[in-house]
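Please examine the sequence and the structure shown here before reading on.

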Amino acid sequence: MATILNIETSTKNCSVSIAKDGVQLCLVEENEESFAHGEKLNQFIEWCLDGAEIKLKDLDAICVSKGPGSYTGLRIGVSSAKGFAYGLDLPLLAINSLQILAESQINQGYNLIIPMIDARRMEVYTTQYDNFGKQLTDTEAKIIDETSFEELQGKKIVFVGDGAEKCEETLRHLDATFVQIFPSAKYMCQLAEDKFNQNLVEDVAYFEPYYLKDFVARKKKSE
């Protein structure tokens with residue numbers, strides 16, 4: 001039984017929620033191409049606290065989306081979560097970003113839930129879950145082509161995430177459902193509560209985001 005601040009910044013969606021006993025009290029989120037998480041995250045946390053009508057001292061834990069996803073977004077979210085956890089002397093919880101996406105489709109009657117976070121070109125971060133939220137395969141960076149997931153032909157599948165839309169044409173032979181959404185802190189509420197109750201906490205000093213791939217700096221295109 002806990003009041004938990006949830007932070008999700010693994011994609012262009014900057015998302016914050018506060019939940020009590022797994023039930024959402026308030027949600028503040030916005031997605032922008034500019035990835036302005038560094039400018040907006042702390043303001044969103046303040047608004048969420050106000051909306052939930054609680055103070056920082058009322059929190060029992062901080063939960064953050066650990067990745068995979070945007071290198072910059074994850075770094076900002078995790079840094080903020082660690083700062084709050086350390087400063088308030090609270091436990092730090094962490095959830096895989098793909099599990100957060102899968103949570104949105106739990107108990108919807110699918111044989112497989114396949115979350116996808118956009119990487120670049122035809123690459124996505126992905127894994128597979130069953131209808132009850134059990135992870136079935138390792139998290140991976142996967143390049144999607146016409147042969148991808150062909151072994152799953154005939155199963156009732158949902159592809160979910162900001163990487164699902166770009167793969168729909170390539171994977172249409174699977175006759176699957178494609179749900180284009182971003183990871184959101186609203187899907188973290190019960191997952192965070194479960195982790196808190198099982199005491200699945202992270203070491204605040206040493207915890208790092210799960211980048212999955214090394215960061216590659218790129219030059220901006222000239223205008």
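The text below describes one tyrosine and its surroundings, then aromatic pairs and lysines placed over rings.

The model is predicted. Tyr129 lies in the loop that runs between strand S7 (123-126) and strand S8 (140-143). With a relative accessible area of 1%, Tyr129 is buried, because buried means under 20%. Leaving aside residues up to four places away in sequence, Tyr129 touches Leu98, Gln99, Ala102, Asn111, Leu112, Ile113, Pro115, Lys134, Gln135 and Leu136. One of these, Leu112, is 17 residues from Tyr129 in sequence, and the C-alpha atoms of the two are 5.8 Å apart.

Across the whole structure, a search finds four aromatic pairs. Among them is the pair of Tyr71 and Tyr211, which is stacked, with 4.4 Å from centre to centre and 25° between the planes. This pair links distant parts of the chain, since Tyr71 belongs to helix H2 (residues 71-88) and Tyr211 to the segment after helix H5 (189-197), 140 residues apart. Tyr71 counts as partly exposed, at 28% relative accessibility. One aromatic cluster is formed by Phe149, Phe159 and Phe178.

| Lysine | Ring | Distance from the ring centre |
|---|---|---|
| Lys142 | Phe149 | 5.2 Å |
| Lys156 | Tyr110 | 5.7 Å |

How values were computed: Residues numbered from 1 in each chain as written. Predicted model: local features only at pLDDT ≥ 70, side-chain atom pairs only at ≥ 80, totals over all residues. Heavy atoms only, no water. Helix = DSSP H or I, 4+ residues; strand = E, 2+ residues; numbered from the N terminus. Buried < 20%, exposed > 50% of the residue type's maximum accessible area, 1.4 Å probe, protein only. Contact = heavy atoms within 4.5 Å. Phe/Tyr/Trp six-rings, centres within 6.5 Å; stacked < 30°, edge-to-face > 60°. Lys NZ or Arg CZ within 6 Å of the ring centre and 35° of its normal.
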